[in-house]
Amino acid sequence: MSTVCDRLRDSCRDIWHELHNHPFVDELASGTLPERKFAFYIGQNIVFLRELARAMALGVAKADDEDTMRDFAAIVSNIVDFELPKNRQLLDEVRQMVPGATEEVVMAPGTLAYTRHLLTVAYEGRAADIMASLTPCAWSYGEIGKERLPDAPEHQVYRTWIEFFGGQEYWDTLEEVKDKLERLCEGMSSSDLARIEDIFRTSSRLEQMFWDMAYNERAWPV
């Protein structure tokens, strides 16, 4: 039987093809991605994760029951206690490979667009909307990691990234996220589901833009 997540994923099939086959992902998986590009990406991801945590914290405020409050609180805790420290560790490691790397990270335009979408959804929407805005990020990373895991490169940092997102522990967490979204969407009207689909698609598009921004190191022009 088709699920809400199946519907959302199928509605973005064209976008997700680009996510899986972006040059950033291809070169990361082959170990040929210039380290300065990965350093740019990780720096922006740290900025992104801080704003994501703020958006997910609003999910606690929007929750209609204690289970949903607990779900969003757990997401915030995972970002703050695990994902941010892990990304800082990766950034420290890759910066050692980049001559003249700077410690300063300024939120780039693509990161600004993505995080403002998340925060707008969080402030204006419901708990289901907030979970839908998060799911493309978590889900696409899992698919990319799992797909690339069998041929992960020897590159120390890139292999660590792929092994994490392709590993069973991450996939168990991902399935929990999808289950939470399914629960929040139970009994929704067709118009509400259409809104969820639009949020999911926008987040998917911004995921593709994030890869593109990182690959081209697209910071502010002035």
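## A look inside the helices

Leaving aside its neighbours within four places in sequence, Phe38 is in contact with Phe24, Leu28, Leu33, Val94, Val157, Tyr158 and Trp161. Keep in mind that this is a predicted model.

In soluble globular proteins, nonpolar side chains tend to be buried together.

Is Gln44 buried or exposed? Its relative accessible area is 2%, and buried means under 20%, so Gln44 is buried.

| Residue | Contacts |
|---|---|
| Phe38 | Phe24, Leu28, Leu33, Val94, Val157, Tyr158, Trp161 |
| Gln44 | Val105, Val106, Met107, Ala108, Thr111, Phe210, Met213 |

Next, let's turn to a pair of helices. Helix H7 (residues 127–148) packs with helix H9 (residues 168–184) at an angle of about 150°, and their axes are 9 Å apart. Angles over 145 degrees count as roughly antiparallel, so H7 and H9 are roughly antiparallel to each other. The crossing of H7 past H9 is left-handed. What kinds of residues make up the contact of H7 with H9? There are 15 nonpolar, two polar and four charged residues in that contact.

Methods. Residues are numbered from 1 along each chain as its sequence is written. This is a predicted model: local features need pLDDT of at least 70, side-chain atom pairs count only at pLDDT 80 or more; totals for chains, interfaces and linings use all residues. Side-chain values use heavy atoms; hydrogens and water are left out. Contact means heavy atoms within 4.5 Å. Axes are lines fitted to C-alpha atoms, for helices over the stretch in contact, and angles run from 0 to 180 degrees between N-to-C directions. Helices (H or I, at least four residues) and strands (E, at least two) are DSSP runs, numbered from the N terminus. Angles under 35 degrees count as roughly parallel, over 145 as roughly antiparallel, 65 to 115 as roughly perpendicular and the rest as oblique. A crossing is left-handed if the near helix is turned anticlockwise from the far one by less than a right angle, and right-handed if clockwise. Ala, Val, Leu, Ile, Met, Phe, Trp, Tyr, Cys and Pro count as nonpolar, Asp, Glu, Lys and Arg as charged, and the others, Gly among them, as polar. Buried means under 20% relative accessible area, exposed over 50%, partly exposed in between (1.4 Å probe, protein chains only).
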